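Welcome, and thanks for taking a look at this one. Below is a short tour of charges, rings and backbone angles, with the cut-offs spelled out along the way.

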Amino acid sequence: MTRWACGIAGDDRTFDRVEDLVVHQTTDHDRIECALCGALVPDGYFAIRHAVEDHSREGYRRAYDLDPEELRHREEILDAVEAAADLDEVLDRLEN
């Protein structure tokens, strides 16, 4: 089974379940300020989701000085999490 790696600021923790990873990123790491709009968002999955859904792809790439490969990697992370995660479970856990 592939484990899910946190990857935020050198955090090398891994998780069996993607839901545990997303909750960890949201609760155990500081929020970051979006370089495009100034919104404070949880780092990791939710930061990538915010940038992709709320801003243009090119704006996101420029604001974070991403080369095309880095941008594709972040989009792949987003796709992998959304394909595997029960996001309703994540939101329920974060609300409680």
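## Salt bridges, rings and surface charge

D28 and R13 join their side chains in a salt bridge, at 3.9 Å from N to O. The term stands for a side-chain nitrogen of Lys or Arg within 4 Å of a carboxyl oxygen of Asp or Glu. This pair links distant parts of the chain, 15 residues apart: D28 sits in helix α1 (residues 18-28), and R13 in the loop between β1 (4-5) and β2 (14-15). Helices (H or I, at least four residues) and strands (E, at least two) are DSSP runs, numbered from the N terminus. R13 is partly exposed, with a relative accessible area of 41%. Here buried means under 20% relative accessible area, exposed over 50%, and partly exposed in between (1.4 Å probe, protein chains only).

A word on the source: this is a predicted model, in which local features need pLDDT of at least 70 and side-chain atom pairs count only at pLDDT 80 or more, while totals for chains, interfaces and linings use all residues. Residues are numbered from 1 along each chain as its sequence is written, and side-chain values use heavy atoms, with hydrogens and water left out.

How many salt bridges does the structure hold? There are eleven, and the table lists some of them.

| Salt bridge | N to O distance |
|---|---|
| D28 and R13 | 3.9 Å |
| R93 and D20 | 2.8 Å |
| R49 and E53 | 3.6 Å |

The bridge between R93 and D20 also links distant parts of the chain, with R93 in helix α5 (residues 87-95) and D20 in helix α1, 73 residues apart. R93 is partly exposed at 34% relative accessibility, and D20 is partly exposed at 24%. R49 and E53, by contrast, both lie in helix α2 (residues 45-54), four residues apart, about one turn of the helix. R49 has a relative accessible area of 27% and is partly exposed. Salt bridges with shared partners also join R17, E19, D20, E89 and R93 into one network.

Next come the aromatic rings, of which the structure holds two pairs. Rings of Phe, Tyr and Trp (its six-membered ring) pair if their centres lie within 6.5 Å; planes under 30 degrees apart count as stacked, over 60 as edge-to-face and the rest as tilted. Y60 is buried at a relative accessible area of 3%, whereas Y64 is partly exposed at 27%.

Another buried residue is V22, at 1% relative accessibility, and it lies in helix α1. V22 and Y45 are 23 residues apart in sequence, with their C-alpha atoms 6.5 Å apart in space.

Which residues have a positive phi without being glycine? Among them are A9, with phi near 45°, and D65, with phi near 50°. A9 lies in the loop between β1 and β2 and is exposed at 81% relative accessibility. D65 has its place in the loop between α3 (57-63) and α4, and is exposed with a relative accessible area of 69%.
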